[in-house]
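I opened this model to look up a few things for myself. My notes follow, in the order I made them.

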Amino acid sequence: MKHLYTILVLGAMLGLSPAAQAQKQRTTDTESGMMEKGKKVGVWEYFSHTRDGRQVLVQRYDHTTNKLVYYRPIEDVPYNVEVTPGQWTRTNVQQPPLYIGGEALLAGYMGKMNYPEAAQNRNIQGKVLITFMIDTLGQASKHKVLNSIGGGCDEEAMRVCQGIPAQWVPARLGSRAVPVMYELPFTFRLQKPN
């Protein structure tokens with residue numbers, strides 16, 4: 001009890017509220033921010049690495065207000081956008097759909113993919129392309145296989161894709177959030193024996 005009192009007194013002397021004192025800094029090579037009671041709070045920074053190994057900031061996201069603060073512009077790609085209910089068109093957007101935490105965090109979920117034994121036995125390799133809708137609330141739905149390679153790979157890619165937590169920042173067309181169709185590739189490649 002004396003230890004807790006000392007921490008509270010020191011925190012008060014530094015101008016920290018008891019809630020701020022309960023927060024802990026978490027830093028990895030892909031993210032940095034404060035945790036409170038096991039949840040991300042405040043503004044977090046998310047990083048990626050360039051091909052030459054440099055670490056670059058790709059996003060700042062405020063987990064307390066659920067708002068995107070900054071994102072590093074990425075390649076301008078057209079998306080299928082629902083411009084009015086039921087009317088879809090392919091167009092560029094002012095802000096693309098983004099996974100909170102960036103591609104490094106998304107890759108962590110995609111890395112949970114298992115290479116089906118049937119596909120390995122039949123030497124099936126290639127890219128399964130899954131398409132799904134990201135709505136105006138950042139929820140993913142309507143998953144479909146767009147490019148199939150068979151051997152159980154399609155089902156495995158779908159399983160992994162549907163298991164990715166719905167932590168998307170919706171696309172923006174002008175000043176409003178819009179539903180878009182998003183494509184996510186899953187590559188199945190056999191390792192060459194040494």
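**Notebook: a buried glutamine, a sheet and some rings**

I began with glutamine 95, which counts as buried at 12% relative accessibility (buried is under 20% relative accessible area, exposed over 50%, partly exposed in between, with a 1.4 Å probe and protein chains only). The model is predicted, so I kept its limits in view: local features need pLDDT of at least 70, side-chain atom pairs count only at pLDDT 80 or more, and totals for chains, interfaces and linings use all residues. Residues are numbered from 1 along each chain as its sequence is written, and side-chain values use heavy atoms, leaving out hydrogens and water.

Where is glutamine 95 found? I located glutamine 95 in the loop between S7 and S8 (strands, E, are DSSP runs of at least two residues and helices, H or I, of at least four, numbered from the N terminus). Its side chain reaches the backbone oxygen of proline 170 at 3.3 Å. Leaving aside residues up to four places away in sequence, glutamine 95 touches Leu68, Tyr71, Val169, Pro170, Ala171 and Arg172 (contact means heavy atoms within 4.5 Å).

Next I traced the sheet. It is open, has five strands in the order S7-S6-S14-S9-S10, and pairs antiparallel (two strands pair if DSSP finds at least two bridges between them). I marked S7 (87–91) and S10 (140–147) as the edge strands, since each pairs on one side only. Strand S9 (residues 126–134) pairs with S10 over five bridges, in the antiparallel sense. Methionine 133 stands opposite serine 141 in S10.

Then I turned to the rings. I counted eight aromatic pairs (rings of Phe, Tyr and Trp, the last by its six-membered ring, pair if their centres lie within 6.5 Å; planes under 30 degrees apart are stacked, over 60 edge-to-face, the rest tilted). How are the rings of tyrosine 99 and tryptophan 168 arranged? Their centres are 5.0 Å apart and their planes at 80 degrees, so I logged the pair as edge-to-face. Tyrosine 99 lies in strand S8 (residues 98–99) and tryptophan 168 in strand S11 (residues 168–169), so the pair ties together parts 69 residues apart in sequence. Tyrosine 99 is buried, at 4% relative accessible area. Tryptophan 168 is buried too, at 5%. I noted one aromatic cluster formed by Tyr79, Tyr99, Tyr109, Phe132, Trp168 and Tyr182.

How values were computed. Polar contact = N/O pair within 3.5 Å; in protein donor to acceptor, adjacent residues only side chain to side chain.
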